[in-house]
Amino acid sequence: MKKILLINTSNRKKTTYNLLLSIEKILKNKGFKTEIINLHDYKIQFCKGCEVCVLKGNCFIKDDSSLIMKKIVESDGLVIGTPVYLNNMSGILKAFIDRTCSWFHRSEVYQKPTLLLANTQGSGIKSTLNSIEEVMIQWGVCLGGTVSRNGRNFNRPIEEKEVTKFIDLINSNGKSYSPSFKEVYTYNIQRTLATNVFPVDKDYWENKGWIDNTYFPGSKLSFVKKIYGNSIYKILCKVIKPIK
Ligand SMILES: Cc1cc2nc3c(=O)[nH]c(=O)nc-3n(C[C@H](O)[C@H](O)[C@H](O)COP(=O)(O)O)c2cc1C
């Protein structure tokens, strides 16, 4: 049975949590196993800024970030829910995301079907969802859509059609996902860094068999996007030179 992880990043079990429960109900009806976690129940320290995770491998801070990361990796689908704080995601979500910096270079969650949920009294839905989506593109997940609510429609239950794309992606294991130009571009920046800059990334990308690919294997890439991705890669490899 496929399992879906839903993460509440509000300190309260209120609007975000209730909307996640509404999504969970649909997922359960579709036969998925689910788990909702509250990020505030875990110890998430701030990133120390040492860049060891990027340059060498793992983060040395001992807290619950690695546990949450493991839970995400082991899930078949991910739902991230946030309240809008000052037109952006909640602080704890950003603190956690900073701790996943190694996934920007060496993703362990590539092709993971992911749904984003945001809610607000009135402002900031677009900027909040865009901000999280930027990170998701770097993680290399399959974007399964967004769900949002504001003060005027908090109580409107989530409809199945709002999560159809997400469910389809879970059922196909994220294969046959068609990435956008931006996702192809982002992949090829990291592909360049793996080729020319970071030896740790190079090993990882070679072991995964990604270095010769224009996007994650198994994805649906049009001829035009293939040409686009490979051209970006060739140009970037000339511009971003190996560090001597
Ligand atoms: C620190 C903080 C900042 C907020 N910033 C905004 C904001 O920029 N725009 C807005 O419309 N609502 C803002 N809100 C309201 C919340 O987004 C809104 O009440 C949300 O539904 C709370 O979700 P929760 O019940 O899951 O905690 C803010 C609330 C807090 C506590």
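Visitor: What makes the crossing in which α8 passes α10 right-handed or left-handed?

Guide: In this predicted model, α8 passes α10 in a right-handed crossing, a name that applies because the near helix is turned clockwise from the far one. Helix α8 (residues 181-196) and helix α10 (residues 223-239) pack at an angle of about 35 degrees, and their axes lie 9 Å apart.

Visitor: Which residues in α8 meet which residues in α10, and why are they said to be in contact?

Guide: Among them are Phe181, Val184, Tyr185 and Ile189 in α8, and Tyr228, Gly229, Ile232 and Leu236 in α10. They are said to be in contact because residues count as such if their C-beta atoms, placed from the backbone, lie within 7 Å. By class, this contact of α8 with α10 holds ten nonpolar, five polar and two charged residues.

Visitor: How do you know that domain 1 and domain 2 touch, and where do the two domains run?

Guide: The protein is divided into domain 1 (3-171) and domain 2 (181-239), and the centres of these domains, taken over C-alpha atoms, are 25 Å apart. The side of domain 1 that touches domain 2 consists of three nonpolar, five polar and two charged residues.

Visitor: What surrounds the ligand, and which residues are the closest?

Guide: The ligand is surrounded by 16 residues, of which Ser10, Lys14, Thr15, Thr16 and Pro83 are the closest. At least two residues of this shell come from each of α1 (15-29) and β4 (113-120). By class, the shell comprises four nonpolar, ten polar and two charged residues.

Key:
Residues numbered from 1 in each chain as written. Predicted model: local features only at pLDDT ≥ 70, side-chain atom pairs only at ≥ 80, totals over all residues. Axes fitted to C-alpha atoms, helices over the stretch in contact; angles between N-to-C directions. Helix = DSSP H or I, 4+ residues; strand = E, 2+ residues; numbered from the N terminus. Nonpolar A, V, L, I, M, F, W, Y, C, P; charged D, E, K, R; others polar. Domains from an automatic or database assignment. Near = placed C-beta within 6 Å.
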